Amino acid sequence: MENHSGKFRKTGRPLSFDRDEALEKAMLAFWRSGYETTSISDLTAAMGITAPSIYTAYGDKKQLFLEAMRLYAGSPYDLDRSLAEAPTARDAAQRMLLAAARAFTGTTTPRGCLLASATASGSSASADVQYAVAEVRRDIQERLRRRIAEDVANALLPATLDTRALAALVIAVIQGMSVLARDGASPKALDDLTHAAMQAWPSP
């Protein structure tokens, strides 16, 4: 039987819980405490299911985290559509920053960014998890870079612009906003930071 992530799990007794709802609860647990420090017992308490149910439905802790991370990051196709719908790359970047400001300071979710908090402990035991998280960030950065390159091609940005560096700047600001949000920064403070950061955006 194919599950939500496109992988196959063993057939047998049907799950006695809502798999997607439990995954969202796992995502919040990882978001709050990070990958390393979130134990299986923490996950069973957060998800309201037993450890054997976790292994049956999702695999091991690492596979559960990777699936939760994909849920958090959302579809890359949705990101591409959002980038394409923005009038300019500048608008796209600003929307990303403002959306991050809201997401990182939500009242019903943990503060900061799951991608930033998940591997904060940085031990070698989670090297493959750290790599997977970095790959998600690199993918987002590359999709933004391509949108910036479109504006360069259309003479909306300087022909000599380093598109990779500009996209990396946006990602760096987003990750910095995550740290500030965890430190207690308000939504307005992050909005103000966004507007300040956009002052660095190059003119045609």
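Buried means under 20% relative accessible area, exposed means over 50%, and partly exposed is what falls in between, using a 1.4 Å probe and protein chains only. This is a predicted model, where local features need pLDDT of at least 70 and side-chain atom pairs count only at pLDDT 80 or more, while totals for chains, interfaces and linings use all residues. Residues are numbered from 1 along each chain as its sequence is written, and side-chain values use heavy atoms, with hydrogens and water left out.

View 1. Q175 has a relative accessible area of 18%, so it counts as buried. Setting aside residues up to four places away in sequence, Q175 touches C113, A116 and R137, where contact means heavy atoms within 4.5 Å.

**View 2. Y58 and the largest nonpolar core.** A nonpolar core is a set of buried Ala, Val, Leu, Ile, Met, Phe, Trp, Tyr and Cys residues joined through side-chain atoms within 4.5 Å. The largest one takes in 54 residues, and Y58 and F65 have the most contacts inside it. Helix α6 (residues 89-104) supplies the largest share of this core, eight residues. Take a look around Y58: not counting residues up to four places away in sequence, its contacts include F17, L23, M47, I49 and L64. R19, Q63 and E67 are also among the residues that Y58 touches.

View 3. On a 1 Å grid over the protein atoms alone, a cavity is a set of points where a 1.4 Å probe fits but cannot get out, while a pocket is an open set with protein on both sides within 12 Å along at least five of seven lines; lining residues have an atom within 4 Å of a point. Grid points are joined across faces, edges and corners, and a volume is the space filled by probe spheres set on the points. The count comes to one cavity of 30 Å³ or more, and about 50 Å³ of space lies in the largest cavity. Its lining is made up of L97, L166, L169, V170, V173, A197, M198 and W201. Helices α9 (163-182) and α10 (187-198) each give two or more residues to that lining, with α9 providing the largest share, four residues. What kinds of residue line the largest cavity? The lining divides into eight nonpolar, no polar and no charged residues. (Ala, Val, Leu, Ile, Met, Phe, Trp, Tyr, Cys and Pro count as nonpolar, Asp, Glu, Lys and Arg as charged, and the others, Gly among them, as polar.)

**View 4. T194 in helix α10.** T194 lies in helix α10 and is buried, at 0% relative accessibility. Leaving aside neighbours within four places in sequence, T194 is in contact with Q94, L97, L98 and M177.

**View 5. The largest pocket.** This pocket has a volume of about 780 Å³. Of the 30 residues lining it, Y72, A73, G74, L79 and I140 lie nearest its centre. The elements giving two or more residues to the lining are α4 (61-73), α5 (76-85), α6, α8 (127-153) and α9. Helix α6 gives the largest share, seven residues. The lining splits into 20 nonpolar, four polar and six charged residues.

View 6. A salt bridge is a side-chain nitrogen of Lys or Arg within 4 Å of a carboxyl oxygen of Asp or Glu, and the structure holds 14 of them. In the one shown here, the closest N and O atoms of R143 and D80 are 2.5 Å apart. R143 belongs to helix α8 and D80 to helix α5, so the pair ties together parts that are 63 residues apart in sequence. R143 is buried, at 15% relative accessibility, while D80 is partly exposed, at 26%.

**View 7. Salt bridges within a helix.** The side chains of R147 and D151 meet in a salt bridge (2.7 Å, N to O). Both sit in helix α8, four residues apart, about one turn of the helix. R147 is buried at 6% relative accessibility, and D151 is buried at 3%. Elsewhere, salt bridges that share partners join E142, R145, R146 and R164 into one network. E21 and K25 also form a salt bridge (3.4 Å, N to O); they are four residues apart in helix α1 (residues 19-33), which means a separation of about one helical turn. E21 is partly exposed at 42%, and K25 is partly exposed at 33%.
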